[in-house]
Amino acid sequence: MPVTSGETDAGNLTFTIVTELDATPERLWQMWADPRLLEQWWGPPGYPATFEEHDLSEGGKASYFMTGPEGEKFPGR
């Protein structure tokens with residue numbers, strides 16, 4: 001993902017990422033909404049992601065882990 005910039009707002013608990021992608025907004029929403037599609041590009045190369053929880057509703061949560069080349073697991077939420 002070619003990230004152009006990122007900005008953290010700790011007071012509002014937000015992180016904004018600016019990027020340029022060669023896809024329609026509809027296709028991007030489909031990718032974010034489907035955890036199996038999101039797994040295909042989330043994280044750095046060589047560290048595939050597995051989403052265990054993926055709730056996009058207000059107040060929802062997402063939890064995942066990335067698996068490193070040596071089999072080590074790195075959780076995220």
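**Exercise 1.** Work out how much space lies in the largest pocket, and which residues line it.

*Solution.* Start with the volume: the largest pocket holds about 260 Å³ of space. This is a predicted model, where local features need pLDDT of at least 70 and side-chain atom pairs count only at pLDDT 80 or more, while totals for chains, interfaces and linings use all residues. Residues are numbered from 1 along each chain as its sequence is written, and side-chain values use heavy atoms, with hydrogens and water left out.

A pocket here is an open set of points on a 1 Å grid over the protein atoms alone, where a 1.4 Å probe fits, with protein on both sides within 12 Å along at least five of seven lines; lining residues have an atom within 4 Å of a point. The volume is the space filled by probe spheres set on the points.

Next, the lining: among its residues are Trp32, Trp42, Phe51, Asp55, Tyr64 and Arg77. Strand 3 (49-54) and strand 4 (62-67) each put in at least two residues; strands are DSSP runs of E, at least two residues, numbered from the N terminus.

**Exercise 2.** Follow strand 4 to its partner, strand 5.

*Solution.* Strand 5 covers residues 73-76 and runs antiparallel to strand 4, with four bridges joining them; pairing takes at least two DSSP bridges.

**Exercise 3.** Find where Leu13 sits, and decide whether Leu13 is buried or exposed.

*Solution.* Look in the loop between strand 1 (3-9) and strand 2 (14-19). Leu13 isn't a glycine, yet its phi is positive, near 55°. Its relative accessibility is 79%, so Leu13 counts as exposed (over 50%; buried is under 20%, partly exposed in between, with a 1.4 Å probe and protein chains only).
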